Amino acid sequence: MKTFNFPLALQRSRLLFRRASGTLALIILGTSASDALASCEYNINSDWGSGFVASVRVTNDTAGSVNSWQVQWQYSGDNRIVHHWSSDISGNNPYTASNAAWNGSLQPGQTAEFGFQGTASGPAEVPQVTGLLCDGGSSSGGSTSSSSSSSSSSSSSSSSSSSSSSSSSSSSSSSSGSSSSSGSSSGASAENLYSLAPFPIGVAVSAGYENRSFLSIAEKQTSIAQHFSQLTAGNIMKMSYLHPSENTYDFANADQMVNWAETNGIGIHGHTFIWHSDYQVPSWMQSYSGDFQAMLDDHVTTIADHFAGSVDSWDVVNEAIDENQSSCYRNSLFYQRAGAGYIANAFRAADAADPNADLYYNDYDTEGGNSNKLNCLLQIVDGLQADGVPIDGVGFQMHVQIDWPSTSQMRTAFQAIVDRGLKVKITELDVPVNNPYASTPFPQYTSYTTEVAALQKARYKSIVEAYLDVVPTNLRGGITVWGLWDGDSWLLDFSNRQGVDDWPLLFSGPANGPYEEKAAFDGVAEALLGQ
């Protein structure tokens with residue numbers, strides 16, 4: 001499994017970090033006035049001896065607009081950059097940073113900020129910098145330079161739109177068609193997103209014989225192995241896939257996925273032992289005439305035992321709540337045949353078969369926007385804890401909107417679970433930009449413009465920030481995004497979104513890759529590093 005020792009040390013040492021600032025010279029390209037100046041500030045945000053996090057703020061302090069920008073610097077010692085976000089950084093000391101596609105345009109008074117993580121062998125260096133058309137700034141290292149360097153290249157942003165099909169199985173979708181000019185971070189990158197967090201950073205995948213299985217697309221495997229430390233099977237570890245008939249379990253496809261993950265040092269979050277959805281409950285189980293609870297316990301036990309030691313955590317029961325029922329329980333087949341006790345029994349069976357796996361209850365709309373559902377969640381969790389049920393945490397699916405619920409509501413929901421001493425895991429995160437439930441006409445956006453990219457980035461960033469602010473280190477079960485690439489998102493086929501383009505995930509690009517990190521990706525990276 002991937003380890004997180006380095007970021008954990010970073011986090012534990014946060015209070016010891018020293019801050020410094022300096023001056024970075026700037027080259028501004030494509031300005032509306034030839035004498036335009038910008039204020040440029042180089043900040044060392046964190047310094048722990050063997051590495052550092054720094055950021056650069058570029059502020060247009062003129063009366064004219066800036067259409068693109070570029071900065072340069074060089075370290076005199078062994079400081080080197082290993083991750084970066086919100087800009088396109090090239091070179092290997094000296095470094096050149098150009099704006100991302102979504103933050104190159106600066107109106108008077110506007111600021112663009114980008115950041116990077118580096119290695120060092122001692123205190124982080126404040127480099128002597130060179131540049132053109134950059135007004136002065138202070139430097140904690142005592143060095144300010146006005147020497148110039150020039151560049152003839154330009155990196156302008158664009159708001160081109162896409163009109164290609166939204167089908168998740170098409171070879172070209174709107175999510176890939178518009179990204180390179182309007183939505184992607186144009187090279188902005190964290191070298192390994194998972195390394196920025198001391199907890200799992202996961203992604204949901206299609207596998208087995210599913211359409212567009214990640215195991216049949218090499219570029220998917222490359223991006224997943226580079227950026228994620230945990231996989232969740234979107235479908236193939238659900239009931240009908242693993243237990244198709246009463247006396248038959250089919251583990252072949254799931255084992256193939258698990259084996260790939262283990263080979264690549266990636267963990268597995270199991271999803272899910274029990275889910276009510278008719279198409280996922282095998283027909284034999286729907287007509288079962290024997291001891292239903294005993295059969296269900298055996299179902300959980302057999303699967304948990306098979307994957308014991310290979311699965312980090314499980315969604316034991318998924319979506320058992322109906323907040324419109326006085327009991328708070330969904331009137332599912334399981335509730336009808338076994339009563340409310342089936343949930344506690346499932347946790348006990350899973351724990352007995354694999355005591356080392358973390359066990360979660362998982363549901364949607366519990367992140368605060370639906371207060372009745374959150375109240376039902378807490379009622380059920382309190383009952384499980386009172387009965388000594390081995391529940392380790394709560395999974396918040398987080399299929400949220402760009403503007404709903406508020407981050408304040410999310411914080412309240414997270415805090416309620418933290419107060420009960422349980423882990424909090426974001427299990428199915430995606431952020432579409434169009435909201436079919438909003439009061440404004442749907443869709444609100446027909447193309448993935450720089451404006452939309454910035455809104456989505458801010459939303460992803462605020463969600464991760466809320467998670468980090470509220471959930472203490474020991475209760476962070478991780479964050480999983482529900483899919484890798486925009487064009488594969490389940491939302492494109494969701495009933496009230498069919499025929500409407502959207503771009504809900506962290507990556508864009510051609511259908512079969514290479515996949516490009518979007519501004520949303522940068523938002524997650526920045527939040528993980530406190531930028």
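A: A pocket is an open set of points on a 1 Å grid over the protein atoms alone, with protein on both sides within 12 Å along at least five of seven lines. Points are joined across faces, edges and corners, and volume is the space filled by probe spheres set on them.

The model is predicted: local features need pLDDT of at least 70, side-chain atom pairs count only at 80 or more, and totals for chains, interfaces and linings use all residues. Numbering starts at 1 along each chain as its sequence is written, and side-chain values use heavy atoms, without hydrogens and water.

The barrel is closed and has eight strands. Its order is β12-β13-β14-β15-β16-β17-β18-β19, and the pairing is parallel. Strands pair when DSSP finds at least two bridges between them. Take β14 (residues 267–275) and β15 (residues 313–318). These two strands run parallel and are joined by five bridges. One such link is between histidine 269 and its bridge partner, serine 313 in β15.

Arginine 212 sits in the loop between β12 and α4. Its phi is about 60 degrees, a positive value, although the residue is not a glycine. Arginine 212 counts as buried because its relative accessibility is 11%. (Buried means under 20% relative accessible area, exposed over 50%, and partly exposed in between, with a 1.4 Å probe on protein chains only.)

A cavity is a set of grid points where a 1.4 Å probe fits but cannot get out. Three cavities of 30 Å³ or more are counted. The second largest cavity has a volume of about 60 Å³. It is lined by Leu193, Ile201, Leu429, Tyr460, Val464, Ile479, Val481, Leu506 and Val524. α13 (450–470) and β19 (476–481) are the elements that give two or more residues to this lining. By class, the cavity lining has nine nonpolar residues, no polar ones and no charged ones.

Next, the loop that leads towards α13. Proline 443 lies in the loop between β18 and α13. The peptide bond between phenylalanine 442 and proline 443 is cis, with omega about 0 degrees.

Asparagine 93 has a positive phi, near 65 degrees, and is not a glycine. Because its relative accessible area is 13%, asparagine 93 is buried.

Elsewhere, β4 (residues 51–60) and β9 (residues 111–119) pair in the antiparallel sense over nine bridges. In this pair, glycine 51 faces threonine 119 of β9. β4 is mostly covered, with nine of its 10 residues buried.

Leucine 378 is in α11 (residues 371–386). With 12% relative accessibility, it counts as buried. Leaving out residues up to four places away in sequence, leucine 378 touches Ala416, Ile417 and Arg420 (heavy atoms within 4.5 Å). Leucine 378 and isoleucine 417 are 39 residues apart along the chain, yet their C-alpha atoms are separated by 7.8 Å.

Finally, the whole chain. It has 14 helices and 21 strands. Both are DSSP runs numbered from the N terminus: H or I of at least four residues for helices, E of at least two for strands. Of the 531 residues, 58% are buried. Among contacts between residues at least 6 apart in sequence, 77% join residues at least 24 apart.

Methods. 1 Å grid on protein atoms, 1.4 Å probe; cavity = no way out; pocket = protein on both sides within 12 Å on 5 of 7 lines; lining within 4 Å. Nonpolar A, V, L, I, M, F, W, Y, C, P; charged D, E, K, R; others polar.
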